Amino acid sequence: AADFCAAHPELRQEIYLLGDLARHNWEQVSPKAAWLPQAQVYIADLGTAERGNVHVDGVHFSPWLAAPGKKLNARARGANTASQPAPQVAVDVYLDGERVRHQEADLRPGEEFQLDFALTPRRAGLLGGYVEVQDDALPLDNRRYFTLSVPDSFGVLVLGHQPEDTYYPRRALAASTAADPALGLRFGLVAELAPALLQQTQVLLLCNLNYLS
């Protein structure tokens, strides 16, 4: 809003700030005279009542590939931003339309929480899911969505001019196949590279090249 007003000083400038009564982050807002000096600012009366608000900030996954039937570790983070405690807050995790985790927590005022859980996709493809806390007075931030890309296979082709060029990548990638069953590894020589090899390859690793033809 400040940038727009500065770019259009010829306009009648009126800014309306409509609060949701959650009082979240309002203490971080700069004085209005400093960032909108030319505008008439109207701020909705937030009142003195406070609404309880527990929210989910984000969902983070381990760096391993997701694979059907294989567990994938994840973590959800959230907080109780109200000044009142939130007892027995229910946190649920859904994947592909099915609830896969349920947990309750007692949160003190301003307390953050984290929920560690594991997902086991039943099928390959793009799977949608979300982490949700129980309904409160501000439902807009109670649910955080995520999408998992679960491949049937993920092809990696490792090529070098001679076998010793790929020694260390071969050892490192071969060690990871136990944790990533969808990872399909192929190794060979640069001289063997042909279009047919690339059709089932998602990642091509060329090792110790002298030049790119």
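Why does Leu206 count as partly exposed? Leu206 counts as partly exposed because its relative accessibility is 31%, and the term covers values between buried (under 20% relative accessible area) and exposed (over 50%), with a 1.4 Å probe and protein chains only. Welcome to a short tour of a predicted model, in which local features need pLDDT of at least 70, side-chain atom pairs count only at pLDDT 80 or more, and totals for chains, interfaces and linings use all residues. Residues are numbered from 1 along each chain as its sequence is written, and side-chain values use heavy atoms, with hydrogens and water left out.

- Leu206 sits in strand β12, which covers residues 203–207; strands are DSSP runs of E with at least two residues, numbered from the N terminus.

**A three-stranded sheet**

- Strands of a sheet pair through backbone hydrogen bonds, either parallel or antiparallel.
- Here, three strands form an open sheet in the order β3-β4-β7, with antiparallel pairing.
- The edges are β3 (54–61) and β7 (112–119): each has a single partner strand, so one side of each has no neighbour in the sheet.
- From one strand to the next, the twist averages 20°; axes are lines fitted to C-alpha atoms, and angles run from 0 to 180 degrees between N-to-C directions.
- Seven bridges connect β3 with β4 (residues 72–80) in the antiparallel sense, where pairing requires at least two DSSP bridges between two strands.
- Val54 stands opposite Asn80 in β4.

**His55 in strand β3**

- His55 belongs to strand β3, and His55 counts as buried because its relative accessibility is 6%.
- The side chains of His55 and Asp57 are joined by a polar contact of 2.8 Å.
- A polar contact is a pair of N or O atoms within 3.5 Å; within protein, one must be able to donate a hydrogen and the other to accept it, and residues adjacent in sequence count only if both atoms are side-chain atoms.

**Salt bridges**

- Side chains of opposite charge can pair when their charged atoms come close.
- The whole structure holds seven salt bridges, each being a side-chain nitrogen of Lys or Arg within 4 Å of a carboxyl oxygen of Asp or Glu.
- Asp116 and Arg75 form one of them, with their closest N and O atoms 2.5 Å apart. This pair links distant parts of the chain, as Asp116 in β7 and Arg75 in β4 are 41 residues apart.
- Asp116 is partly exposed at 39% relative accessible area, and Arg75 is partly exposed at 30%.
- Asp96 and Arg123 meet in another salt bridge, at 3.0 Å from N to O. Asp96 lies in the loop between β5 (86–95) and β6 (98–107), and Arg123 lies in the loop between β7 and β8 (125–133), 27 residues apart.
- Arg143 pairs with Glu132, the closest N and O atoms being 2.6 Å apart. Arg143 is in strand β9 (residues 143–150) and Glu132 in strand β8, so the pair ties together parts eleven residues apart in sequence.
- Arg143 is partly exposed at 32% relative accessibility, whereas Glu132 is buried with a relative accessible area of 18%.

Conventions. Helices (H or I, at least four residues) and strands (E, at least two) are DSSP runs, numbered from the N terminus.
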